[in-house]
Every structure is written in structure tokens, then in C-alpha cells.
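Dear colleague,

Please find the structure below for your records.

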Amino acid sequence: MILVPFIPPLPDETTLSWTGRLAQKHANIGCADFLRMLVLSQKHVMETTIFCVDRLAKLTGVPRDRIAACGIQRFGERALHHRGQYFGTSFASRKFTTYCPRCLLADSLPESPSQGLRVGRVAWSFRSVQVCPEHRIKLVRRANTSFTDQFQDMNLVAPKNSELEAEADSAVTKNTSAMQQYTQRRFAGFLESPWLDSQQIDLGLKACEMLGACLLFGAHGEFDKLSADEMTEAGDVGFEVVSKGQQGIGEALDQIAAKSFEVKLSGGPQAAFGRLYQWLQFNRSKKPRGPIQEAVRDHILGTMHIPAGTKLFGEIVEERRRHSVYSLAKYSGLDARTLNRALVRTGVLLHEDEDEVDPLVSFPAEVGEKLATRINQSLPIIKLPGYLNCNRTQAEMMVKQGLISQIAPQAHKIGGVLTNVATEDLDDFLIKFRSGGKPVSFPSPGMTNVIAASEIARQTVTDIVRMVIDRKLSKLEVLDADLKFRSVLVDPAEVRSVADMELAKLGLTAHEVAEILGIFPSGLRHLRTNFDREGKPFIAASEAKNSRGTIYHRYKIEAVKMFQQNYATLTVLAAEAGVSSKTMARRLSQCGVYPIIDRQLLNAAMYHRPEISKCHVL
């Protein structure tokens with residue numbers, strides 16, 4: 001038998017409110033009596049159990065899923081669910097009476113959808129819903145005064161209309177919070193924030209409140225003393241943060257820690273994150289905290305020096321992710337100031353003072369430990385000859401030229417551990433130095449080690465080493481690796497040839513240019529170092545420097561041709577005019593045109609052609 005007329009539940013109406021209207025319309029009796037008549041307990045209706053849904057569906061003809069959507073069902077001992085969303089019991093506590101006085105007054109009108117009967121709304125049960133979205137006033141929320149109040153029969157728990165009118169008149173006008181809007185959209189089936197949507201709604205919103213409270217009031221504030229309005233404000237700030245996902249949470253945690261350390265200049269994660277840390281670390285009730293716990297844990301391990309074996313948020317830290325200068329000093333046995341200097345100079349620590357250790361700064365543990373190991377397993381330059389099997393001058397030059405790197409590139413010349421060279425770098429250098437050679441038991445004819453080849457080819461050892469490493473030599477042999485530096489064999493003739501070719505790429509020699517211009521080779525120095533009227537050298541040169549610091553000057557053919565266009569010797573000018581050199585010299589002198597440089601320095605009188613053209617002597 002189905003009750004008539006057909007009376008479905010209104011949108012967001014509670015199961016108990018609906019059955020109360022059924023009682024009035026079908027039997028003109030109270031809800032409790034009506035439920036006894038239907039063999040339904042108020043508890044079953046309040047929790048909208050499966051039995052309740054089936055029973056009411058058979059009696060009213062309303063679909064089961066529509067009836068189920070009217071209630072907040074129990075899920076286990078400590079959880080509830082509504083419209084497919086799960087949450088803890090405190091998120092929809094039955095210890096409070098909540099209503100909007102204007103909604104109840106509107107219900108009382110005969111033309112209302114409920115035809116003059118009060119309607120309880122499911123949304124009023126949720127902790128994050130504090131404002132009536134329709135009337136924009138704060139909901140009335142007070143602690144229950146009796147056992148029966150938990151059923152939230154608005155005819156019993158709310159006052160009579162005259163008192164509702166007074167409450168409505170004095171109600172505070174407010175906009176709905178971001179958390180409340182999210183709550184209503186989430187229960188309506190809309191998904192919009194991946195990080196929040198992936199967890200229980202109550203856990204996500206609690207994370208919003210905790211993050212927001214830390215940002216607004218500082219991580220060490222008394223959160224339990226915050227008013228409901230302050231906590232709502234905090235929740236909205238936190239909601240904006242978590243809406244950006246992991247990146248937004250990370251940025252917020254950085255801000256919280258920075259603000260904390262402005263007051264307290266040292267300390268671990270508890271000093272940085274205060275109440276947020278305590279809420280996650282000292283969870284005696286074992287209540288789930290949701291993904292915020294892992295997000296904060298990852299942030300702490302990724303930004304602070306937490307030793308392996310530390311119990312953080314219920315889990316043991318298996319591997320240290322970051323070090324401070326002091327923790328790395330303890331780990332490695334090195335002086336903290338030396339480590340700090342090394343970390344700054346090698347770029348591990350950016351924008352830090354190398355002479356002052358900041359205890360709050362941390363860096364990747366793997367990078368720091370690798371640097372510390374390099375320092376501990378390093379040699380001073382004075383010991384490199386024995387390790388490499390070369391002499392001290394050669395070792396020092398290879399370091400100076402950057403073929404072998406020191407621990408800290410900017411190490412002072414006065415010495416110290418940071419001027420050392422890591423043994424792994426020395427081994428890598430030898431591997432690279434030998435890698436292109438053909439293994440032999442004895443040197444082939446003409447082949448010799450780099451040190452001997454340097455004397456024969458008149459090239460520095462470091463320049464030859466660079467040729468070997470850059471694969472510019474076609475003839476390369478290697479003896480037994482135990483000989484280390486002396487195991488690499490080269491052909492001195494090829495070394496000299498390659499060196500000449502490299503210089504030739506830069507341009508002509510002074511002798512070659514002097515022959516073209518008809519002057520002394522030494523005269524090129526005067527043309528290169530003296531300047532024309534525009535302040536430029538008479539002829540430009542390129543510089544090449546070998547490892548000893550010897551400078552070679554080379555001249556591009558284009559520069560030589562340009563010089564010939566602008567300048568000419570007296571002999572050339574006389575030939576062009578068809579007169580003797582003596583006659584041409586006299587004509588130029590009469591016109592006030594003189595050589596650009598003393599002819600004794602060049603072995604020729606060199607004139608500026610543009611000046612000559614004004615005299616019409618050609």
C-alpha cells in the first residue's frame with residue numbers, strides 16, 4: 001500500500017523532517033507517533049538506515065536513492081556518509097541544534113513548498129555550513145539541551161515563530177565562506193580541486209583551517225581560543241592555498257616557517273610549524289589527518305635536516321634527505337666553517353655568506369655528503385706529483401689551467417683544504433688522458449711521453465695535455481696504467497705541427513705580414529701599438545697565449561688588406577706616380593704630408609693615402 005497523496009522530500013530536507021510532514025498530512029499526528037505506527041524508530045530515521053529507506057520507499061513510492069540522499073548515514077563506528085561522501089562524526093555532529101530563523105519563518109507560510117510546515121535542512125548539520133546561502137545570515141547554532149534534540153525535529157528544537165522573528169531581526173548578515181561553498185558543491189557532485197577532492201571532505205577542510213590559522217595568526221598561536229568567525233576566516237585563507245595543490249601547500253609552509261623563524265631564530269620542524277606540527281606529530285586519538293600529513297612530512301624532509309631514524313608523524317625516517325652545515329660537519333668530521341665556505345663556493349648554497357654559518361639553511365644530503373667525501377678524500381697540490389707521476393711544476397700548471405679542478409674553484413692562493421684536489425678527480429683526469437691511446441708494451445719509433453715531447457716540440461706540457469684530451473693528435477699510445485701521467489706517448493713532430501696549425505688559424509705571422517708590406521718584422525709591433533686619428537691601432541692583431549703565458553700575435557689577412565687600402569710606402573707611391581722616390585718625398589713634404597711612423601722603425605716611409613689624395617700628387 002502506498003500513501004496518498006504523493007509527498008516527496010524537498011531538496012536538502014532531512015529524513016526526519018520529511019517523515020514529520022508525512023505524519024501531519026497523512027495522519028494529523030506527531031512524528032514520533034507516526035513512526036511508531038510505521039514500526040520505525042526515530043534513530044533509524046535519523047540515520048536513514050537501509051531498513052528505514054526500504055520501509056519508506058514501499059510506503060511512499062519515493063525512489064530509494066532519493067530517500068537515502070535525505071539522510072546522513074553511519075559508516076562504521078567513527079564515520080558517516082552522505083551522497084557518496086565520507087567524513088568523521090565531528091563534521092556532522094548531532095550534539096548541536098542548528099537552523100536559519102528566516103527559513104523556518106518562510107516554511108510557516110501556507111504558500112511555501114512545505115505548505116506551512118517547518119523543514120529541517122541536511123546542510124545545517126555540517127560544521128562548515130555557518131551561513132544561510134539564501135538569506136545571507138548566520139545560522140543559529142547552540143548545544144543540545146536534551147537527548148531528543150539530536151533528532152532535529154524543527155517543530156521541537158526551534159522556538160515559536162515570534163522568537164524566530166526576533167532572532168531573524170538580530171541575525172548577523174554574512175557571506176558564505178569558501179569552505180561552505182565547497183561543501184555544498186561537493187555534496188552536489190561537483191569536483192573542482194584535485195587535492196581536496198581526493199580525500200574525505202572533513203579532512204581536507206580541517207587542513208584548510210590549520211594552514212590558514214598558521215598563516216593568519218602564526219604557527220604558535222592559541223588555536224583553541226580562536227572564535228568561530230576567526231576559524232572560518234582561517235579556513236578561507238587555507239582553502240585558497242590548497243586549491244593550488246601541492247605547490248600552493250609548499251609555498252604556504254615556506255611562509256609559515258619564515259614567519260616563525262623571524263621570532264625564533266633556530267629550531268626544528270616544531271619551531272617552524274608549531275601547532276600544525278603538534279597536531280600531526282602528537283595525534284594521541286589516532287584520528288586520520290588525511291593527505292596534509294604526507295604533504296607536510298614531505299616538505300619537512302625536503303627542506304629541513306631530519307636525521308634517519310627520527311619518528312615523524314608516526315613513521316620512521318629511513319633516509320636523511322637534507323643536511324645543515326652543522327649536521328654535515330658532525331657527519332663528516334670536517335670543520336663547519338670550512339664546509340660552509342666549500343658549500344658556498346661550489347654553488348650548493350646560493351646567496352649565503354661564506355664566512356658566517358646559517359643554522360637554518362639546509363641543502364640536499366646527497367650533494368652535501370658527496371662534497372664532504374671529496375674534501376676528506378683529497379690531496380694538497382704538493383702531493384699531486386707523487387699521485388700522478390709528474391713533477392710539481394707540471395702538476396701546478398695543470399691545476400692553474402683548469403685541466404685538474406680544485407675542491408673550491410675560488411680557493412685562496414694561500415692554501416687550505418679547499419685548494420686540494422679530490423682523488424676521484426685525479427682518477428677521472430687520468431682516465432680521460434689515457435682513453436684515446438693505443439695500448440702498447442713499448443713506445444713506437446718517434447713516440448715519447450708528454451714531458452719529453454714538451455722539450456723537443458718546444459710546447460708546454462699543459463698545451464700538449466690539452467691536445468691529447470681534445471683528440472687533436474692522431475698518434476697516441478699508452479703504456480701500462482701504473483705509469484699514470486708518463487704512460488701517455490705522443491709524437492713531438494705532430495705536436496709541433498698541430499700547434500702551428502692552431503696558430504695559423506688566427507692569422508699571419510709578423511714575418512709574413514712584413515714581407516707583404518715591405519717593412520721590418522719588428523715594425524709590426526709599432527703598427528700594432530700605435531694609433532691612428534680615430535684612436536685605433538694602425539693594424540689590429542689577435543692574441544694567443546700558451547700555458548706559460550707567452551703571447552703570440554697573429555694578423556688576419558682581412559686586416560692586412562684593409563691596411564694596404566689606407567696606407568702605402570714611399571716606394572709604392574713613387575711607382576704609382578711614375579716618379580722617383582726622392583721626387584715623391586719632396587712633393588709630399590711640400591704638401592705637409594709626413595710618414596705615420598719614423599721610417600727607421602719600419603725600414604720604410606709609410607703614408608696615409610687619404611691625406612695624399614688631398615694634395616693631388618698622384
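The largest cavity holds about 30 Å³ of space. Please note that the model is a predicted one. A search of the whole structure finds one cavity of 30 Å³ or more. Phe91, Arg127, Ser128, Met179, Leu205 and Glu209 line the largest cavity. By class, its lining comprises three nonpolar, one polar and two charged residues.

Turning to the open space, the largest pocket contains about 960 Å³. Its lining is made up of 42 residues, and those nearest its centre are Thr89, Ser90, Phe91, Ala92 and Ser93. Two or more residues of this lining come from each of α1 (15-26), α3 (42-46), β3 (85-88), β4 (96-99) and α11 (201-217). The largest contribution is that of α11, with three residues. In terms of class, the lining of the largest pocket divides into 18 nonpolar, 15 polar and nine charged residues.

As to the cysteines, the search of the whole structure finds zero disulfides. A disulfide requires two cysteine sulfur atoms within 2.5 Å. For Cys100, the closest cysteine sulfur is that of Cys103, at 3.7 Å, which is too far for a bond. For Cys132, the closest cysteine sulfur also belongs to Cys103, and the distance of 3.6 Å is again too far for a bond. Cys100 counts as buried because its relative accessibility is 0%. Cys132 has a relative accessibility of 2%, and therefore counts as buried.

Yours sincerely

Definitions and conventions:
Residues numbered from 1 in each chain as written. Predicted model: local features only at pLDDT ≥ 70, side-chain atom pairs only at ≥ 80, totals over all residues. Heavy atoms only, no water. 1 Å grid on protein atoms, 1.4 Å probe; cavity = no way out; pocket = protein on both sides within 12 Å on 5 of 7 lines; lining within 4 Å. Points joined across faces, edges and corners; volume = space filled by probe spheres on them. Nonpolar A, V, L, I, M, F, W, Y, C, P; charged D, E, K, R; others polar. Helix = DSSP H or I, 4+ residues; strand = E, 2+ residues; numbered from the N terminus. Buried < 20%, exposed > 50% of the residue type's maximum accessible area, 1.4 Å probe, protein only.
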